[in-house]
Amino acid sequence: MTRKTIKPVRRPAAPKSVTEGSGNVFADLGLRNPEQELMKARLTLQIHRIIRERGLTQNQAAAALGVRQPHVSWLMNNRSGSFSVGKLLEFLTRLGQDVEVKVRPTRHDHGEMSVTLR
């Protein structure tokens, strides 16, 4: 005689509550300096894209950026925490990108930071 295996019936999971994000995950997580962290993440992503598009190895990218290979590994894994915004901007110029910084008065109590990528 063969035995039949009875599979348990899966019931749909109860709906979980969903909270709409602010657009800045760093602010949503309550981290310090969330606008700066978001800017660093966006700059790092652009550096990552350029390195990938050019097909550079991490050693080649390190030579172009003027850093050691482990630092490129951090960038490629979106670990920009150890780099300042200024250093990330420098990396972009070393990769042949023009960087423009605009400063203007704000209408709010506190100014904002943003990055526009093309």
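Predicted model: local features only at pLDDT ≥ 70, side-chain atom pairs only at ≥ 80, totals over all residues.
H2 covers residues 34-53 and H4 covers residues 69-76, and the two pack at an angle of about 110 degrees. Angles from 65 to 115 degrees count as roughly perpendicular, and H2 and H4 are therefore roughly perpendicular to each other. Their axes run 9 Å apart.

If you look at the place where these helices touch, you will find Thr-44, Ile-47, His-48, Ile-51 and Arg-52 on the H2 side. Facing them from H4 are Val-72, Leu-75 and Met-76. Sorted by class, this contact has five nonpolar residues, two polar ones and one charged one.

Now stay with H4 and turn to helix H3, residues 58-65. H3 and H4 pack at an angle of about 105 degrees, with 8 Å between their axes. This pair, too, is therefore roughly perpendicular. From H3, the residues that take part are Gln-58, Asn-59, Ala-61, Ala-62 and Leu-65. They meet Gln-69, Val-72, Ser-73, Leu-75 and Met-76 of H4. Here the contact has six nonpolar and four polar residues, and no charged residues.

Side chains of opposite charge can pair when their charged atoms come close. Lys-40 forms a salt bridge with Glu-37, and the closest N and O atoms of the two are 4.0 Å apart. Both residues belong to H2, where they sit three residues apart, or about one turn of the helix. The count for the model comes to four salt bridges.

H2 also leads us to the largest pocket. This pocket holds about 1,200 Å³ of space. Its lining is made up of 27 residues, and those nearest the centre are Glu-100, Lys-102, Ser-114, Val-115 and Thr-116. Which helices each supply at least two residues of the lining? They are H2 and helix H5, the latter spanning residues 85-94. The largest share comes from H2, with four residues. By class, the lining of the pocket has 12 nonpolar, seven polar and eight charged residues.

H2, then, is a helix to keep in view: it packs against H4, contains both Lys-40 and Glu-37, and gives the largest share of the lining of the largest pocket.

How values were computed. Residues numbered from 1 in each chain as written. Heavy atoms only, no water. Axes fitted to C-alpha atoms, helices over the stretch in contact; angles between N-to-C directions. Parallel < 35°, antiparallel > 145°, perpendicular 65-115°, else oblique. Contact = heavy atoms within 4.5 Å. Nonpolar A, V, L, I, M, F, W, Y, C, P; charged D, E, K, R; others polar. 1 Å grid on protein atoms, 1.4 Å probe; cavity = no way out; pocket = protein on both sides within 12 Å on 5 of 7 lines; lining within 4 Å. Points joined across faces, edges and corners; volume = space filled by probe spheres on them. Salt bridge = Lys/Arg side-chain N within 4 Å of Asp/Glu carboxyl O.
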